[in-house]
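Hi,

Here is the model I promised to pass on.

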2 protein chains.
Amino acid sequence: MIKVVLIGTGNIARYFFDSLDDKDQINVIQVLGRNESALEYFKTAISITTDFSNIEPADVYILAIKDDAIATVAQTLAIQNGLLVHTSGSVAMDVLPKTIRRGVLYPLQTFSKTPPHYSENIPFCIEAEENNDLDLLEKLALSLTSTVYKISSHQRLHLHLAAVFANNFTNHMYHLAYKICEENAIPFATMEYLIKETSHKIATSKPFDVQTGPAKRGDTAIIEKHLELLSHAKSKEIYALLSQSIQDTYGDEL
Amino acid sequence: MIKVVLIGTGNIARYFFDSLDDKDQINVIQVLGRNESALEYFKTAISITTDFSNIEPADVYILAIKDDAIATVAQTLAIQNGLLVHTSGSVAMDVLPKTIRRGVLYPLQTFSKTPPHYSENIPFCIEAEENNDLDLLEKLALSLTSTVYKISSHQRLHLHLAAVFANNFTNHMYHLAYKICEENAIPFATMEYLIKETSHKIATSKPFDVQTGPAKRGDTAIIEKHLELLSHAKSKEIYALLSQSIQDTYGDEL
């Protein structure tokens with residue numbers, strides 16, 4: 001049995017709370033948070049408290065709070081034994097106090113305002129200083145997912161950066177496409193098949209190998225036509241820069 | 001029974017040939033192409049020929065050739081009756097001779113070097129001058145897919161532009177993420193879950209409503225950290241421009 005204390009009351013804290021709830025090997029014994037009304041959500045936990053000095057002995061302390069609060073809050077926790085982990089993609093493990101066992105338990109998922117999915121396919125990245133702690137985190141993570149990666153702080157920083165491209169910027173591309181459709185009375189549903197196709201290809205192909213489109217073909221006539229059609233200065237700039245970047249990528253082949 | 005003549009021997013011609021082959025209501029009676037060896041693929045058709053003057057009477061002539069050849073080749077076809085359609089996303093219907101019935105039958109799918117999928121979900125965009133012809137094209141398209149849109153030449157041009165953002169540029173984002181992973185010994189498979197999640201959200205949400213990430217949150221500390229991490233000038237430029245564009249999009253909310 002792994003005893004867990006959760007620190008935080010936001011989306012990620014809720015995700016851990018809900019997902020760990022029904023696991024035989026895991027027991028969430030306490031939830032700590034500054035905000036009394038936000039703590040209400042967790043009242044089925046054995047103990048909820050706003051008093052951080054009242055923290056209970058546990059095997060793992062999950063610090064599920066905002067990036068810029070991690071270092072400060074971690075200093076205030078009176079942890080004797082047990083492993084303290086944060087859940088952030090962009091904060092190094094060593095911002096946690098070096099006087100205690102420390103690690104990272106990072107679910108590679110976007111927790112937006114909408115409720116997170118509770119999928120068993122969310123990849124987890126784990127990190128710890130000691131092998132025993134890594135094993136403990138792996139056991140904890142495997143109760144939530146089938147996919148666990150051992151990733152260093154340095155790698156995690158780059159992983160988060162890669163995810164900005166693969167996820168945030170991709171969604172912005174969808175948004176720009178949506179606006180073009182909207183302005184021309186085209187149902188955005190026309191894009192759905194292509195979008196899914198493109199995203200599913202990565203499971204079996206390198207993105208490099210499946211690039212298509214006017215920039216890849218070096219079709220400057222179409223590129224110029226498209227630049228003319230774009231009415232917003234920023235979209236035009238994005239179209240030009242990304243086409244240039246694609247042409248640079250395949251430069252030797254053209 | 002709709003009699004079809006195919007003009008062209010490339011990927012799109014093959015797609016139509018293979019997909020129409022087993023349809024009761026459709027009969028591909030002839031394939032025309034300049035390249036004798038490429039024509040071999042179609043030899044199960046009743047007639048294959050390199051002689052364009054030998055074109056047979058049909059209900060629909062599908063011109064599945066490169067964009068820049070459409071206008072010229074269309075002029076050379078001795079079509080009496082029947083409907084001539086091209087299959088391009090970026091060419092207007094009116095480049096076809098106005099002396100004959102004309103239209104467009106555009107499958108919204110990327111036909112790269114890899115064999116196309118023969119999915120029944122590929123959306124088709126159809127256009128014609130006469131309602132009868134539109135009905136004929138709809139019937140033909142519905143034998144291949146469950147999703148048919150009536151789209152004007154003007155709309156199709158913008159649809160193709162939107163698809164460059166939603167598909168080609170998105171794939172380039174995947175490629176840039178792939179490179180970051182590769183350079184830091186991170187398995188690209190870590191991205192798979194997020195990529196699928198993001199692409200699946202569009203079926204139920206507007207991209208505008210599900211944007212996440214540092215630019216959306218106005219997290220300038222992370223943005224600056226990411227810009228420092230990026231070693232390639234072009235990637236840095238793309239990160240900065242797309243973050244700026246996201247911040248412009250949500251400017252009033254920050």
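Into which domains is chain A divided? There are two: domain 1 covers 2-151 and domain 2 covers 156-253, with bounds that come from an automatic or database domain assignment. Before the rest, some housekeeping. This is a predicted model, where local features need pLDDT of at least 70, side-chain atom pairs count only at pLDDT 80 or more, and totals for chains, interfaces and linings use all residues. Residues are numbered from 1 along each chain as its sequence is written, while chains are lettered from A and ligands numbered from 1 in the order in which they are written.

On confidence: pLDDT is the predictor's confidence in each residue, from 0 to 100. Chain A averages 93, and 96% of its residues score at least 70. For the complex, the predictor gives an ipTM of 0.89 and a pTM of 0.89.

Back to the domains. Their centres, taken over C-alpha atoms, are 36 Å apart in chain A. The contact between them takes 9 residues from domain 1 and 6 residues from domain 2; two residues are in contact if their C-beta atoms, placed from the backbone, lie within 7 Å. On the domain 1 side, β6 and β7 (124-128) are the elements that give two or more residues. That side divides into 5 nonpolar, 3 polar and 1 charged (Ala, Val, Leu, Ile, Met, Phe, Trp, Tyr, Cys and Pro count as nonpolar, Asp, Glu, Lys and Arg as charged, and the others, Gly among them, as polar).

As for overall form, chain A has 9 helices and 8 strands; these are DSSP runs numbered from the N terminus, helices being H or I of at least four residues and strands E of at least two. The C-alpha trace spans about 70 × 40 × 30 Å along its principal axes. Its radius of gyration is 23 Å, whereas a compact globule of 254 residues would have one near 18 Å (taken over C-alpha atoms, with the globule rule being 2.2 Å times the number of residues to the power 0.38).

Now the part with chain B. 70 residues of chain A are in contact with 70 residues of chain B. On the chain A side, the elements giving two or more residues are α5 (153-183), α6 (192-201), α7 (214-217), α8 (220-229) and α9 (233-249). The largest share, 24 residues, comes from α5(A). By type, this side divides into 41 nonpolar, 23 polar and 6 charged.

Inside, 44% of the 254 residues of chain A count as buried (20 or more other C-beta atoms within 10 Å of the residue's own; 12 or fewer is exposed, in between is partly exposed, and C-beta atoms are placed from the backbone). The largest nonpolar core has 146 residues, and I62(A) is one of those with the most contacts inside it. Such a core is a set of buried Ala, Val, Leu, Ile, Met, Phe, Trp, Tyr and Cys residues joined through C-beta atoms within 7 Å. Beyond its neighbours within four places in sequence, I62(A) is in contact with residues including V4(A), L6(A), F16(A) and V85(A).

A185(A) counts as exposed because it has 11 C-beta neighbours inside 10 Å. A185(B) likewise has a phi near 55 degrees.

Cheers
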